[in-house]
Amino acid sequence: IISSNMLMLLLTVSSLRNKQRLYSDDYIINNYNNTKDKDLLLCAGRPRYHRLALLKYLTDNDWVEHNFVSANLCPHAGDKIAPFVNKYISDMETNKGRYMLSQYCPVEDLFKYADTKIIEEYPHEYFRLDNPYPENNVYARSKCSIISETLFQTHLSGYNWITEKTCLPFIYGHPFIVFSMSGTWKYLKELGFEEYSKFGVYDSITSPYNRFTELCDQIQNITVSPLNCKQTLEQVLYNTNHFYSENLQDSIVTSFIDQLQ
C-alpha cells in the first residue's frame, strides 16, 4: 500500500522536475476525437485469476481479435515466459480457496486463456522506444483502456493498492474502467481525481463476482455506444493535468503519513 503511493509520487515528481508531460491537452483532444476502429485497449499482464476470467469474457464475445489486447508481462514476451505462466497456473490449482470468482467459472476453465498475446503497435508508444507520437496511435484508435490491476479479489478491507497500470491512462489521457479492489476509485478521488461517470457505478461493490459482472456489463455498453462525450473529455483532461500537479503530490504525502500513523 505504501509502495503504491510512493510509485505515484515518484512518477509525478519526475514529470514535474523535467517540466514536461508526454501528451499536451491539444494532443489528447485530437486523440479523443479521432475516429475509433477499436473499442478497447487492454494490457492484461501476468495470468492472474481475474485477468484470465476477463480474457475469457472478451473471447466469448469475440472482442479479443478486434481490439488491442495483450497478455503476459510485456509485448516482447515469448516462449521464455512459459515457466512463469505455469507457476501462476499451478498456484491457482493448489490454492483455489484464495480466489473468489468461482461463481463465474471454475478455475480450470481459465487455463487455456493464459497464452501470450502481443499488441504489435504498442511497444513504440508504451515504452517510447522511438517516437512517443506514433502515427499508428493506440490511444487515438481506441475508445478507452481496460485496466486489470494486480489485486481484484482480496480479504483486505479499508485499504487500496494500485500500480503503474492505473497511473498510465492519466499520463496518456485515456478514459478507463478498472478491474481492481473495491474502493479503488474512492482512493483515487481522495487524491483529487475524477471518476469517469460514463462507465457507471462499480467501485463500491464489495462482492468480487458482482463487481466483475458489473464491469463486464460496462464493457458491453462501450462496444455498442459512442464514448466521445464532452463530460468524459473534460474529466480526461482534468485527470491528466491533476496527475502533473503539485496538489496531487501534497495529497499523496498526506495519505502516506496517515497510513504510517
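Are F152 and F212 buried or exposed? F152 is buried, and F212 is buried as well; here "buried" means under 20% relative accessible area, "exposed" means over 50%, and "partly exposed" lies in between (1.4 Å probe, protein chains only).

1. Basis of the note. This is a predicted model, in which local features need pLDDT of at least 70, side-chain atom pairs count only at pLDDT 80 or more, and totals for chains, interfaces and linings use all residues. Residues are numbered from 1 along each chain as its sequence is written, and side-chain values use heavy atoms, with hydrogens and water left out.

2. Overall organisation. The protein chain has 11 helices and 4 strands. Helices (H or I, at least four residues) and strands (E, at least two) are DSSP runs, numbered from the N terminus. Of the 261 residues in the protein chain, 49% are buried. Among contacts in the protein chain with a separation of 6 or more, 78% are between residues 24 or more positions apart; contact means heavy atoms within 4.5 Å.

3. A pair of aromatic rings is described by the distance of the centres and the angle of the planes. Rings of Phe, Tyr and Trp (its six-membered ring) pair if their centres lie within 6.5 Å; planes under 30 degrees apart count as stacked, over 60 as edge-to-face and the rest as tilted. The structure holds 16 aromatic pairs. In one of them, the ring centres of F152 and F212 are 6.2 Å apart and the planes stand at 85 degrees, so the pair is edge-to-face. This pair links distant parts of the chain, 60 residues apart: F152 belongs to the loop between β3 (142-148) and α7 (164-172), and F212 to helix α9 (residues 208-224).

4. Charges over rings. A charge sits over a ring if NZ of Lys or CZ of Arg is within 6 Å of the ring centre and within 35 degrees of the ring normal. The ring of F152 has the charged end of R211 over it, 4.4 Å from its centre. K38 lies over the face of F68, at 5.4 Å from the ring centre.

5. Packing of α3 with α9. F212 also takes part in a contact between helices, where H50, A53, L54, Y57 and L58 of α3 meet F212, C216, D217, I219 and Q220 of α9. By class, these residues are 7 nonpolar, 2 polar and 1 charged. Ala, Val, Leu, Ile, Met, Phe, Trp, Tyr, Cys and Pro count as nonpolar, Asp, Glu, Lys and Arg as charged, and the others, Gly among them, as polar. The axes of α3 and α9 are 11 Å apart, at an angle of about 35 degrees. Axes are lines fitted to C-alpha atoms, for helices over the stretch in contact, and angles run from 0 to 180 degrees between N-to-C directions. The crossing of α3 and α9 is right-handed, the term for a near helix turned clockwise from the far one by less than a right angle, with anticlockwise giving left-handed.

6. Packing of α2 with α10. Helix α2 (residues 25-33) packs against helix α10 (residues 230-243) at an angle of about 145 degrees, with axes 11 Å apart. The crossing of α2 and α10 is right-handed. D25, I28, I29 and Y32 in α2 meet T232, L233, V236, L237, T240 and N241 in α10. The contact of α2 with α10 comprises 6 nonpolar, 3 polar and 1 charged residues.

7. Because 7 of its 9 residues are buried, α7 is largely enclosed by the rest of the structure. The buried residues in α7 are T166, C167, L168, P169, F170, I171 and Y172. G173 follows α7 and has a positive phi, near 70 degrees. F170 belongs to one aromatic cluster with F176, W185, F193, Y196, F199, F243 and Y244.

8. Two buried residues. Y202 lies in the loop between α8 (184-190) and α9, and counts as buried at 2% relative accessibility. Not counting residues up to four places away in sequence, Y202 touches I177, V178, W185, R211, E214 and L215. I89, in helix α4 (residues 82-94), is buried with a relative accessible area of 14%. Leaving aside neighbours within four places in sequence, I89 is in contact with F111 and A114.

9. Residue D62. D62 is found in the loop between α3 (49-60) and β2 (68-70). Phi of D62 is near 60 degrees, a positive value in a residue other than glycine. D62 is partly exposed, with a relative accessible area of 48%.
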